Amino acid sequence: MKRSEKIEDSKVFKSTTGALADVREFVNERAVSFGFGDKEVSEITLAVDEACTNVIKHAYKGNPNAEFELRILASGTEFQIVVRDWGASFRPEEVPVPNIKDKFKKHKAGGLGIFLMRKLMDTVEYQGRDASNEVRLVRYLRNEQKS
Amino acid sequence: MNEFKVLTRDSGNAVIMELHGFLDAHTAPDLEKTFSELMAKGKYNIVVNFNSLSYISSAGLGVFMAYIDEVRNNRGDIKLAGMQQKVFNVFDLLGFPFLYEIYKDQDEALKKFNNI
């Protein structure tokens, strides 16, 4: 399959956990066509799932009538996904780096999603824009994947 | 649609929990329900077979964290077995191998409960 040199695409999703499978499919197809290998595609897809799960559960607090938007902008070696919502703002600096043993004791999984996103992506940035919030996830295509 | 299914069956003094498909924030409540039914029946020796699980996110991992104390307080354990590499990688990133016993296959995990 020929590699896509440039991708600009966006899609709006309903804010329900039932949309996560569609989110993964949307990201997966584009990451594959940009030239990432299986492992990288899985990692990128998981990071975006985690970002969208946070939007659904925290920004919109489970309101199924809300919507969020995914934008994929990829060119050169940069594969960028922007998740935009119009819900409650999020302050990542207030989410502590999880201590897994501590979490284990307290039976809490919160914060693991952000931790995973940071492990899996090259860049994870949050910013408020007008009345919306954006999380920007970037993963770079390494040289050996370009051919 | 990425579906998820969980099947349970008894094996000796343990229960095998077989996971199929995709475990995310949408399907994690199904797994939670299965754990809570096992707790209600007093079944605390659990082997989770991951052979047919294609995907897991942190919402799925959270379910295993939610029940491990109750299980161990009742002299049981949740032993994990047969993970595909990409599923194992997620557990590994979060440090689970230090907290859970993870086996290559289900039978190896079952032997630990049956003291064979």
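## A helix across a sheet

In chain A, helix α1(A) lies across the strands β1, β2 (67–75) and β3 (78–85), and runs at about 175 degrees to β1(A). Angles here go from 0 to 180 degrees between N-to-C directions, with axes fitted as lines to C-alpha atoms, for helices over the stretch in contact. Helices (H or I, at least four residues) and strands (E, at least two) are DSSP runs, numbered from the N terminus.

Keep in mind that this is a predicted model: local features need pLDDT of at least 70, side-chain atom pairs count only at pLDDT 80 or more, and totals for chains, interfaces and linings use all residues. Residues are numbered from 1 along each chain as its sequence is written, while chains are lettered from A and ligands numbered from 1 in the order in which they are written.

## The sheet of chain A

Chain A has 4 helices and 5 strands, and from the N terminus on they run β-α-α-β-β-α-α-β-β. The 5 strands make an open, antiparallel sheet in the order β1-β2-β3-β5-β4. Strands count as paired if DSSP finds at least two bridges between them. β1 (6–14) and β4 (123–129) of chain A sit at the edges with a single partner strand each, so one side of each has no neighbour in the sheet. From one strand to the next, the twist averages 15 degrees.

A:Q127 stands opposite A:E134 in β5(A).

## Where the chains touch

Here 20 residues of chain A are in contact with 21 residues of chain B (contact means C-beta atoms, placed from the backbone, within 7 Å). On the chain A side, α2(A) gives the most, with 7 residues. That side divides into 8 nonpolar, 6 polar and 6 charged residues. For these classes, Ala, Val, Leu, Ile, Met, Phe, Trp, Tyr, Cys and Pro are nonpolar, Asp, Glu, Lys and Arg are charged, and the others, Gly among them, are polar.

## Two helices in chain B

Over in chain B, α1 (residues 28–40) and α2 (residues 58–73) pack at an angle of about 15 degrees, with their axes 9 Å apart. Residues making the contact include B:L31 and B:F35 of α1(B) and B:V63 and B:Y67 of α2(B).

Key
Two residues are in contact if their C-beta atoms, placed from the backbone, lie within 7 Å.
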